Amino acid sequence: MSSVISAKGLSKRYGKRTAVDGISFEIPAGRIVGLIGPNGSGKTTTLKAALGLVPFEGELSVLGFDPRTQRDDLMQDVCFIADVAILPRWLRVSDAIDFVAGVHPRFNREKAERYIASTRLTPSMKVKEMSKGMIVQLHLALVMAIDARLLVLDEPTLGLDIIYRKQFYQNLLEDYFDEHKTIVITTHQVEEVEHILTDLMFIRDGRIVLAASMEEVGERYIEVMVAQDKISAANALQPLDQRTVFGKQVMLFDAGPGGTSRQQLAALGETRNPSVADLFVATMKGSYA
Amino acid sequence: MNSNTMKWLLRREFWENKGSMFWAPLIVGALLVLLVGGTIAYGIAAHGVPMRITVNGQTMTHGGLSAALSVDTRATVAKLATGMYLMTASPLFFMLIFAVFFYCLNALYDERRDRSILFWKSLPVSDGMTVLSKVATAVLVAPLITMALATVASLALLFIACAAFSLQGVNMFGSVLASPDLYLSPLRMLALLPVYVVWALPTVGWLLLVSSWARTKPFMWAVGVPVISLLILKWIDAALDKISGSPLAIMPYAQEIAARILGGIVPGIWFSFKEGIPPGLRPTEHGIDGGSLVTGSYATLAGMDAWIGALMGALMVYGAIRLRRWRDEG
């Protein structure tokens with residue numbers, strides 16, 4: 001079993017609306033996958049299916065378990081932060097640590113306490129006395145101290161200020177992640193996660209439109225600052241996207257097999273790797289219309 | 001999944017509901033001791049033992065009271081007092097009904113409303129364990145806390161009364177402490193807990209089912225569904241009676257079902273479903289027979305209806321577990 005998550009023809013319908021439309025994908029172990037898509041594209045539904053929170057059609061295996069029938073076994077090795085989950089208002093920091101330590105065999109109490117110590121949280125504090133950011137800090141401290149084989153983070157840093165967000169991703173990479181673990185992240189702040197991702201998955205209207213490792217993406221997509229006199233030549237090569245930066249045309253090309261070659265593009269102007277955000281915008285064109 | 005997980009789940013429930021399950025009865029119990037005990041103590045200290053008191057049909061005046069209270073009479077008074085002293089804490093049991101009712105109603109609803117269910121479900125704790133911990137909290141933990149507080153409060157009241165009497169030269173301590181009922185009463189109350197569990201299950205199951213199902217207003221659904229269906233049945237019953245002269249045969253059952261899914265958590269309600277309060281419980285000149293409370297209560301379990309209700313309750317609990325497992329909160 002090399003795949004942590006393996007989906008074949010995964011579908012989920014809410015009444016007449018199809019949230020996830022027969023997608024298939026594989027997520028191998030030891031990867032950090034960014035699942036990126038606009039609101040309502042089906043990314044949260046896909047994750048919920050994988051976590052056994054919603055019924056679905058098709059085949060889905062997570063760590064070798066069927067999330068529909070083997071959720072209790074699955075949850076021994078999986079941890080997640082759901083998109084807008086909230087900790088209950090009456091929960092005290094010390095009680096939260098005691099509880100998770102009591103029920104989770106893979107919880108490292110020291111680690112959680114160390115994370116908490118780096119925040120302004122105190123053990124006797126109740127969730128109802130915390131700011132939104134502090135609640136997220138507590139939640140992250142609890143989850144990061146769990147040695148899970150699969151960690152699913154759906155908008156984990158929503159409501160955090162930028163300093164803590166950066167620190168969180170730093171910790172995630174240095175302190176948490178190793179080759180036996182797999183992390184799936186969805187976020188709106190793509191630029192904050194792109195440097196830690198190993199794989200990208202773009203999802204749109206319930207379908208996967210791009211699934212590739214970051215190396216593949218780097219090889220395949222090229223952004224060119226097109227020189228003024230070569231614009232028509234560049235247009236002829238059918239760029240995926242173009243925009244204007246400081247009066248200069250920036251075009252995005254697919255240099256994959258069957259596409260434009262690197263040499264051709266280098267002749268047009270200065271080339272570089274596009275950011276995930278730019279790639280995302282180009283890929284999702286039209287879905288916001 | 002083990003007993004350790006269950007221990008933490010029960011603790012979790014207690015943290016969340018400390019206010020209604022512990023602090024509220026503690027405060028009311030303390031007030032009871034202060035106000036009622038204070039009134040007794042003040043009344044007796046300031047005005048003395050009542051000038052005229054009727055014991056065994058004989059009216060005595062104050063002067064003769066102490067002398068006239070034979071050892072036998074004192075024993076009878078002591079038996080009455082030690083057999084019934086727990087009744088002084090009945091406000092606590094009254095509060096327990098409401099505490100358990102609203103606890104069950106919100107147990108699976110609040111976590112969905114504030115979405116903290118997604119946090120609980122991110123831990124390796126099954127839905128079955130979680131819901132069972134809530135059942136155990138409703139039928140065991142909450143009643144046990146109330147029983148403990150009620151025993152302490154009513155013992156305090158009994159001793160305050162004894163102390164007040166002894167200040168007036170009427171020493172009741174000896175006969176009260178010598179009365180076996182003093183020690184047996186709390187044990188009898190404890191012995192009733194299994195009976196309580198059986199009769200409370202239909203109500204607890206129903207409330208938890210509604211709690212895990214209702215999108216909004218669980219109270220309206222929990223109370224509205226049985227009451228409105230009963231009203232509709234009554235109306236059909238009356239109409240049929242007028243037209244054909246034969247009322248609905250299911251009417252008595254419908255009434256009992258409604259009563260049992262809403263009132264099962266009332267301590268002692270089992271007597272109202274059966275023959276009524278056993279004769280031994282009516283106070284006589286020999287005090288009350290506390291033992292017959294226990295035997296009478298267990299006798300209500302002899303019929304099938306108690307167990308059919310408990311089975312229905314268990315099925316509704318199972319329904320609540322399935323709903324919690326698959327309910328999608330969007």
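This is a predicted model: local features need pLDDT of at least 70, side-chain atom pairs count only at pLDDT 80 or more; totals for chains, interfaces and linings use all residues.
Residues are numbered from 1 along each chain as its sequence is written, while chains are lettered from A and ligands numbered from 1 in the order in which they are written.

Me: How do you know that β8 and β9 of chain A pair?
Reply: Strands are DSSP runs of E with at least two residues, helices are runs of H or I with at least four, and both are numbered from the N terminus. Two strands pair if DSSP finds at least two bridges between them. Strands β8 (199-204) and β9 (207-213) of chain A have 6 bridges and are antiparallel, so they pass that test. One bridge joins Asp199(A) to Ser213(A). The two strands form a hairpin with 2 residues between them, and Asp205(A) in the turn has a positive phi of about 50 degrees.

Me: What makes β6 and β7 of chain A a pair?
Reply: Strands β6 (150-154) and β7 (182-186) of chain A run parallel and share 5 bridges. Here Leu153(A) has Ile185(A) as its bridge partner.

Me: Why do β5 and β9 of chain A stand at the edges of the sheet?
Reply: The open sheet has 6 strands in the order β5-β6-β7-β3-β8-β9 (chain A), with mixed pairing. Each of β5 (78-81) and β9 has a single partner strand, so one side of each is left without a neighbour in the sheet.

Me: Why is α10(B) called roughly parallel to α15(B)?
Reply: The axes of α10 (193-213) and α15 (304-326) of chain B come within 7 Å and cross at roughly 25 degrees. Axes are lines fitted to C-alpha atoms, for helices over the stretch in contact, and angles run from 0 to 180 degrees between N-to-C directions. Angles under 35 degrees count as roughly parallel, over 145 as roughly antiparallel, 65 to 115 as roughly perpendicular and the rest as oblique. That is why α10(B) is roughly parallel to α15(B).

Me: How do you know that residues of chain B are in contact with chain A?
Reply: Contact means that the C-beta atoms of two residues, placed from the backbone, lie within 7 Å. By that rule, 20 residues of chain B are in contact with 21 residues of chain A. On the chain B side, α1(B) gives the most, with 6 residues.
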